[in-house]
Amino acid sequence: MQSNFHIPTSNPSIKWQTHHKFQPFTPIKQNPCSKTILKPPNSLQTPLQFEFQLEPTSPKMLPVVIKRSDGVSRYIWDGKDLNLVSIDRKRGSVSTFGGLGDGVWRLLRNLLVPREVNESYLEYVKWKCLHRVFSSALQVLATQAMFRAIGIGYARSLPSAAALNWVLKDGLGRLSRCIYTASLASAFDTNLKRVRFSTSVVFSLSIGVELMTPAFPQYFLLLASIANIAKQISLACYLATGTAVHRSFAVADNLGEVSAKAQIQTVCFDNLGLMLAAALNIILKNNQRLQASLPFVVCPIFTAVDLYGIYQSLKHVHLQTLTKDRLEMIIDTWIQYQYVPSPAEISKREGINFIPKGRIKWPIRIGGLNPRSQMPKVSMMAMQSLCKDDFYFVCTEVCFHGFQRTESQGILVCLREGASTTYIIMGLLQACYIRERLQQKTKFLEDCDVSNQDWLKLAKDCKQSAREDMELLHEKMIGLGWTCKNILLSTDEQTRFSFIDD
C-alpha cells in the first residue's frame, strides 16, 4: 500500500541550489500569547508550493556563540554536521578549528591565559614576557660571573669558602628583606606602581653589582651581599604587590586561576631567558675573552629592555581600589564635568608616579592636626563647630614644599574614629568643592587670605553640595567597577581623632 505522503524525486518543480555565502539563521518568531489553532489540511498529501531542500549545502550560522579562553566560536549547520568555528571579532573573519597554527595558539592560551580576564590582560602578558625573558637572561649571566669570581671552574676554587660566603650574603639579604617589608607595609597598597617600578630599578642595579664581582674577587662578599640585599627587597615588593595586580585582572573573582597562570607564565618566560643566555654562551664558547666580557656588553641593553617591559606592563594594570589620590582625581573630574572616570582612565592619568608632581594650589591632605603649621583660629572654629554626628571636619593648614621650605596654604581633612567609607568620600568631596571655589575666587591673584567668616560660610555651602552629590557619585563609582568598600590610606592618613561630648 503506497502512502499518500510521497515526494516524487523526478518532480521538476524541486530546485536544488548551491549557495556559496553564509546565511544567518533567522528563527521563526511566534507570539506565545496567540491561541489561534491552524486548521489541518483535508488531505495528508504534502503541498509542493514551496522550495524544499533535503540536504542544503549552504551553511547556516546558528545564533549560539561560545566564549572560551582561546577565543570566540560559533555553531554552524551545513545540512549534515554541526561544526564549531572560530570567529575573529576584530576582522569579522571565520576560520574553522584545525591546523597546526590554531592548535598551538589554543594550547598557549589555555596554558597561559585565564578563562575570564579584562581586555588589558593580554597586553600586560606581552610586556611581562619581554621583561621576564631579559631579566632571566641577566640573572643567568650574573650568576655565571659570580661563579667565576669565587673560582668555580678554575683550579683555585675553594668550595668551602664559596659555601660560607654564599650563606653569609643570603642571611644579610633576608634580614634586610624583613626590615624593608615592615617599614613600607601600607605603601604597597597606596603607591603600588611606584614602589614596584622603583624596586625593579633596584633589582637591575643589583644585577650590575653582581656582574662586577669577577673584576673585584677580593670584595666578593661585600658586593654579593649588597646585590642580594637589593634582590631581596625587590622580591619582597614583588610578592607583596602581586595579589593586587592579579585581582585587577580577575573580573569573575577567579583570583586563584589568575595567580596560577601567572606562575606558569613566569616559568615559561624565565626558561626562554635561560635559553637566550645559553645561546649567547654557546656562540662565544671558543673565545673565552669575549665570553668574559659578554655580561658587560649586554647588561645595559638587557637592563633597558627589562625596565621598559616593566614600565609598559604596569601601564596596563588598572587598579579598582581607591586611594586618596585616585579618589581625588575622580572627585575633581566629577565636579568639573559631572562624570566619573573608569579605572582605565584613572590608571592612564595616574601613571607610575615615579617623578613627583609639581606644586598645585590648595593641596588636600588627609591626616591629623599639626599645631605648628595650622591656622589656629580656623582650626579652633572647625573643632568648636563639631557635634556628635560629625565624623570629619575640614580646615586650612600651612604646607611646606621643596628644600627651601616654601610656604603655601592647603586644605586638611581630619577623620574621626569609626568614620566609614561614606564619610571619607564625603569629606574629600567637600574639600575638593572648597578648593574649586577658592581657585575660582583667586584665579587672578597670587595669594588669598580667607577670613574666618568667609571660611565658615564656604565650608557650610560646600558640605551641602557634597551631601547632594554623594548618593549619585557613589552609585556611578560602583557601576564602573570601583571598589568602594574600603579606602586605602597611608600610615599618616590613617590618623583619627576622638570626639568627647562634655
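## Helices α2 and α8

The crossing of α2 and α8 is left-handed, meaning that the near helix is turned anticlockwise from the far one by less than a right angle, with clockwise giving a right-handed crossing. This is a predicted model, in which local features need pLDDT of at least 70, side-chain atom pairs count only at pLDDT 80 or more, and totals for chains, interfaces and linings use all residues. Residues are numbered from 1 along each chain as its sequence is written, and side-chain values use heavy atoms, leaving out hydrogens and water.

Two packed helices are described by the angle between their axes and the distance between the axes. For α2 and α8 the angle is about 155° and the axes are 8 Å apart; the axes are lines fitted to C-alpha atoms, for helices over the stretch in contact, and angles run from 0 to 180 degrees between N-to-C directions. These two helices are therefore roughly antiparallel to each other. On this scale, angles under 35 degrees count as roughly parallel, over 145 as roughly antiparallel, 65 to 115 as roughly perpendicular and the rest as oblique. The contact of α2 with α8 has 15 nonpolar, eight polar and two charged residues. Here Ala, Val, Leu, Ile, Met, Phe, Trp, Tyr, Cys and Pro count as nonpolar, Asp, Glu, Lys and Arg as charged, and the others, Gly among them, as polar.

## Aromatic pairs

Let's turn to the rings. The structure holds eight aromatic pairs, one of which joins Trp127 and Tyr308 edge-to-face, at 5.4 Å centre to centre and 85° between the planes. Rings of Phe, Tyr and Trp (its six-membered ring) pair if their centres lie within 6.5 Å, and planes under 30 degrees apart count as stacked, over 60 as edge-to-face and the rest as tilted. This pair links distant parts of the chain, with Trp127 in helix α2 (residues 121-149) and Tyr308 in helix α8 (residues 288-315), 181 residues apart. Helices (H or I, at least four residues) and strands (E, at least two) are DSSP runs, numbered from the N terminus.

Trp127 is buried at 17% relative accessible area, whereas Tyr308 is partly exposed at 44%. The limits are under 20% for buried, over 50% for exposed and in between for partly exposed (1.4 Å probe, protein chains only). Elsewhere, Tyr121, Tyr124 and Phe249 form one aromatic cluster.

## Charges over rings

Arg416 lies over the face of Phe391, 4.7 Å from the ring centre. Lys463 lies over the face of Tyr392, at 5.7 Å from the ring centre. Such a placement requires NZ of Lys or CZ of Arg within 6 Å of the ring centre and within 35 degrees of the ring normal.

Asp253 is exposed, at 75% relative accessibility.

Trp362 also has a positive phi, near 55°. Trp362 sits in the loop between α10 (343-350) and β7 (364-366), and is buried at 6% relative accessibility.

## Leu412 in strand β9

Our last stop is a strand residue. Leu412 lies in strand β9 (residues 406-416) and is buried, with a relative accessible area of 0%. The C-alpha atoms of Leu412 and Leu369 are separated by 8.0 Å, the two residues being 43 residues apart along the chain.
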